[in-house]
Amino acid sequence: MSEKVVVIYSGGMDSFTVLHKAIEDGKRPLALTFNYGQRHKKEIDYAARVCEELGVPHKVVDISAINTLVGGSALTDDIDVPEGHYEEPSMKTTVVPNRNMILLSLAVGYAVSENASKVYYGAHSGDHAIYPDCRPEFVKKMNDVCAIANYEAVEIVTPYLEVSKTAILTDGLRMGLDYGKSWTCYNGREHACGKCGACEERLEAFRDNQSVDPLTYETRN
Ligand SMILES: [Zn+2]
């Protein structure tokens with residue numbers, strides 16, 4: 001029987017690729033999606049559909065109660081989602097305080113409960129500038145903690161830690177993935193907005209791969 005692993009899967013393009021990477025690695029993934037009160041549930045719907053198609057067990061956990069403790073993020077609060085590139089200072093408003101430590105702690109707890117030995121998540125170098133908890137030093141130390149926090153050691157696997165979003169997409173395209181099944185846009189309208197930081201980064205990755213995003217955008221026909 002193949003090794004059971006937990007994959008933190010938001011429904012976005014990075015974790016969509018990570019999920020398939022785990023399958024390609026010969027693992028048996030348990031997909032875990034956190035609902036932390038995002039302003040829309042579109043990403044979660046996309047995640048659910050993909051898991052159903054793949055026959056991957058999928059858990060959606062509502063952790064929106066944490067918003068009474070950690071706030072100030074445009075992704076959950078009633079402030080405007082900034083437009084523009086991820087690495088700009090305005091994107092700091094998309095940081096949920098201590099997000100990855102919280103999510104990884106929960107995922108590791110789930111892994112221990114399910115006798116899964118690893119937790120996969122989609123940290124990548126493009127997030128290093130803005131998100132301290134996507135940086136290699138964070139992942140390394142979190143891994144050290146997860147080795148001793150329980151009787152069962154859990155390893156955190158970040159296959160794309162050192163590479164860019166463009167390289168993640170390159171790997172996904174190599175695996176033949178259909179990115180029309182992933183949703184990245186911060187706005188949850190019918191079509192992706194094409195203007196928010198998430199859309200900009202996504203479109204840039206497709207351009208860098210000389211590829212066209214199969215999603216429909218409001219900004220083009
Ligand atoms: Zn967008």
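The model is predicted, so local features are described only at pLDDT of at least 70 and side-chain atom pairs only at 80 or more, while totals for chains, interfaces and linings use all residues. Residues are numbered from 1 along each chain as its sequence is written, and side-chain values use heavy atoms, with hydrogens and water left out.

Begin by selecting the protein chain and colouring it by secondary structure, which shows 6 helices and 5 strands (DSSP runs of H or I, at least four residues, for helices and of E, at least two, for strands, numbered from the N terminus). Along the sequence these elements follow the pattern β-α-β-α-β-α-β-α-β-α-α.

Next, select helix H3, residues 99-113, whose 15 residues should span 21 Å at 1.5 Å a residue, in agreement with the 21 Å between its end C-alpha atoms (the expected span is 1.5 Å times one less than the number of residues). Among its buried residues are Leu103, Leu104, Ala107 and Val108, where buried means under 20% relative accessible area with a 1.4 Å probe, protein chains only. The buried residues of H3 pack against strands E1, E2, E3, E4 and E5 and helix H4.

Finally, select the zinc ion together with Cys185, Cys193, Cys196 and Cys199, whose SG atoms are its protein donors at 2.3 to 2.4 Å (donors are N, O and S atoms within 2.8 Å of the metal, or 3.2 Å for Na, K and Ca; water is not among the atoms, so sites may look incomplete). Of these cysteines, Cys193 and Cys199 are buried.

Technical notes
Buried means under 20% relative accessible area, exposed over 50%, partly exposed in between (1.4 Å probe, protein chains only). Contact means heavy atoms within 4.5 Å.
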